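Here are a few exercises to work through with the structure open beside you. Try each task before you read its solution.

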There are 2 protein chains.
Amino acid sequence: MNETTARKTTDANDDRHQQKPHVLTLPLDDQQADREPHSYERWLLAKLMRMAGDPPVRFQLWNDDLIEPEKGQPRFTLRLTDPKALFALVTNPNLAFGDLYAAGRLQVDGDLPELMEALYRAVHQARQQWPKWLEALWRNHNPRSTGVSEAKENIHHHYDLGNEFYQLWLDQAEMQYTCAYYESPDLTLEQAQLAKLEHVCRKLRLKPGMTVVEAGCGWGGLARYMARNYGVKVHSYNISTEQLAYARAEAKCQQLDHLIDYVEDDYRNISGQYDAFVSIGMLEHVGKENYQALSQLIRRSLKPDGIALLHSIGRNRPMLMNAWIEKRIFPGAYPPSISEFMGICEEGGFSVLDVENLRLHYAQTLTHWMERYRNSMDKVTDMYDEHFARAWEMYLAGSTAAFRAGSLQLFQVVFTHGENNELPRTRQDLYTFPAAPEVQ
Amino acid sequence: MNETTARKTTDANDDRHQQKPHVLTLPLDDQQADREPHSYERWLLAKLMRMAGDPPVRFQLWNDDLIEPEKGQPRFTLRLTDPKALFALVTNPNLAFGDLYAAGRLQVDGDLPELMEALYRAVHQARQQWPKWLEALWRNHNPRSTGVSEAKENIHHHYDLGNEFYQLWLDQAEMQYTCAYYESPDLTLEQAQLAKLEHVCRKLRLKPGMTVVEAGCGWGGLARYMARNYGVKVHSYNISTEQLAYARAEAKCQQLDHLIDYVEDDYRNISGQYDAFVSIGMLEHVGKENYQALSQLIRRSLKPDGIALLHSIGRNRPMLMNAWIEKRIFPGAYPPSISEFMGICEEGGFSVLDVENLRLHYAQTLTHWMERYRNSMDKVTDMYDEHFARAWEMYLAGSTAAFRAGSLQLFQVVFTHGENNELPRTRQDLYTFPAAPEVQ
């Protein structure tokens, strides 16, 4: 990595209130980068590896010294360029790993998603033995607020990076920035994203003339799919200005604008009653403190025989978001555990009809995104800078790994009012013919 | 109802420690049964109806006086035979309704399941407005203990009533005393029960030679189905002596005994590791205080790539079992809410793969049971007495109503170890051909 670039980006002291998508990092400590490592530095790294469950990793220090793992053969080499990088990594690995990688002060020899998966799996086992002081030192923090004005800021930080940026690596079919559905393993990203949209529509049992409200619509692809293929009227809420501009232009271009109303407003301001309530990939941004209000909102927005579907990243048990992701990538993010997710349904007096976990589908989606992203990294560097490009590479690699290692889940939850007896008898109708289109 | 019979059964002061399946009731107050009702008695009944949300019900008192509902037309007439019945109903309706019906002191003019559904729906709405003192007066109580020895007693109370009794009204195919699966609406009870067994086997992705452990096996039908149709080896645990005798005889008769080990022991003593863990209709009897231990048990009993399935009655939100059902029919019963259910999965570090709610399938199952049961009520009266026969009529009618009204749910939950990546890609394979056999 070019050190000038790295130094340039460190000037941004706090990215939260900035328009530009900079990623904060620690000050570069290059004056000391050619001194000999101290023995306590070696000891700290060895300790770090033991506490992380002895992943198959060795470290290469700034003077090219190697710290080999105590157990097993290393599959990856992590190079640290300076002593302060070492110190940051040991004291706050959750935050520093991503920051150092983005700054080029932690360099990886080996496949990045595979490294991250090995780390997740090792830490997942090891953390059960951690002493309390280590839990406290390495803890993730509560996500920042997701109140109406903060949510606007949080969403702006991520989703308003520019449509051009996302177009580099998302599917060309409907710009879906959520888990795809690989009903067969060899689907293209485009097919799998359309299959996801179809799968969701089937779960909602849409019929022509129905009305749908969507909370958080991204670039509007689901609304267009529903209008085009199911002849329903859709009200889609979003607070990302950039995404809505794209969504509206695309609906007009496809002559679907008479069926779709893209509303630039917070989901909390949804009004009216609908046959279906759907939200794909927004619950992660809602925040636990707003689950009760969300539940009541769905309760009043859904007709007595309406069906609701929430699609969200989740957890096998309650756990805070990784500090680096929450701070640098997704401010305010908190994926609910499955029991917290069900608590949302309980709060509104709903009856849960169907839960499907698409975890490995998200790993495959991310693998596809990652491949395209890497092919476009030069362009990303030109659009932003190398620091940003490496941060997003780490984010995509880490997410791939998290879904592979089971640290993240993807839940699709279908529910309805507790009193509703107009229910689909079975789920057979979801599988009568393939959800994905043939390749054109 | 024959009053001699009613009086006879009131001698049983506590059924819990008795071998005979008597059902306790209140002392009959027939000395006062022909006096005029007091005005405060009329007032109490009117109050009861208002607090119960004005169900379409009128009361006929012991002197034939009618108390009409304040709102709407009555669809049902409830006759109370004596003043103490009135007092019991008003002060403790959850318990007294069933007791009085069983004793013939509350008689119903109209369809019993429909009446119960109307009551459940009205009360469900009305209880949100109840003052605290009424909540306290009418509350259900914590279920009795489900420790190892108490569980034996609880299970004995219900499941050891005699196989002959259950054979009168359960399906002739595999004696299934759990929710059937009506993949098409016109299935017979036998077809739907076999479809349930097939649906469960498919969800477990069984293959020949696999090993399965079953917690709570009833009359052993699932074990036989699995051995017969999937060539797997099954260890099935149960503490009901009567059921196990039947299960073993049947397996021998079908020459499946080399594949099935029916173990007379508490599920807590399951040992070994298996490809699948399955439990159909036992979780209701486990008790909240044992969820953690159950979760750890499944964790150690399931191979790394094994799949577990729990099938249980559940709730849309945490709520105690109806007092009469818990006291008279199912001692120790507590159906978990969906978030409590998911808590069991979280506790063991599991990943939830699939949740399906079969609520209306249970309503249909119960309708089928009820029809057969009513056709056999004379036989049931001969086997036990009229009080018992009416108590079970009320239990089946009330359960039918509870599933129709959404007060009870039926969840099938599939999960696996959090680290397992050997997952079924989709649920398409559950639906490739009908689960139910053709009618022979």
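**Exercise 1.** Which residue in β3(A) is the bridge partner of A:Arg58?

*Solution.* Keep in mind that you're looking at a predicted model. Start with the two strands: β1 (residues 57-60) of chain A is joined to β3 (residues 76-80) of chain A by four bridges, and the two run parallel. Now look across from A:Arg58, and you'll find A:Thr77 as its bridge partner in β3(A).

**Exercise 2.** Work out the strand order of the open sheet of four strands in chain A, then pick out its edge strands.

*Solution.* Going across the sheet, the order is β2-β1-β3-β4, with mixed pairing. Next, look for strands that pair on one side only: these are β2 (66-67) and β4 (106-109) of chain A, the edge strands.

**Exercise 3.** Describe the side of chain A that touches chain B.

*Solution.* First, the contacts: 33 residues of chain A meet 33 residues of chain B. Second, the elements that give two or more residues to this side are α15 (338-347), β10 (350-357) and α16 (359-375) of chain A. β10(A) brings the largest share, eight residues. Third, the make-up: this side has eleven nonpolar, 13 polar and nine charged residues. Finally, 100% of the interface residues of chain A are interface residues in chain B too, so the copies meet through the same surface.

**Exercise 4.** How many bridges join β10(A) to β10 of chain B, and which way do the strands run?

*Solution.* Three bridges link β10(A) to strand β10 (residues 350-357) of chain B, and the pair is antiparallel. To see how they line up, find A:Glu356: B:Asp354 in β10(B) stands opposite.

**Exercise 5.** Decide whether helix α15 (residues 359-375) of chain B is largely enclosed or largely open.

*Solution.* Begin with its length: α15(B) has 17 residues and reaches 25 Å from first C-alpha to last, close to the 24 Å expected at 1.5 Å a residue. Then check burial, where a residue counts as buried with 20 or more other C-beta atoms within 10 Å of its own. Twelve of the 17 residues pass, so α15(B) is largely enclosed by the rest of the structure. Among them are B:Leu360, B:Tyr362, B:Trp369 and B:Tyr373.

Methods
Residues numbered from 1 in each chain as written. Chains lettered and ligands numbered in written order. Predicted model: local features only at pLDDT ≥ 70, side-chain atom pairs only at ≥ 80, totals over all residues. Contact = placed C-beta atoms within 7 Å. Nonpolar A, V, L, I, M, F, W, Y, C, P; charged D, E, K, R; others polar. Pairing = 2+ DSSP bridges. Expected span 1.5 Å × (residues − 1).
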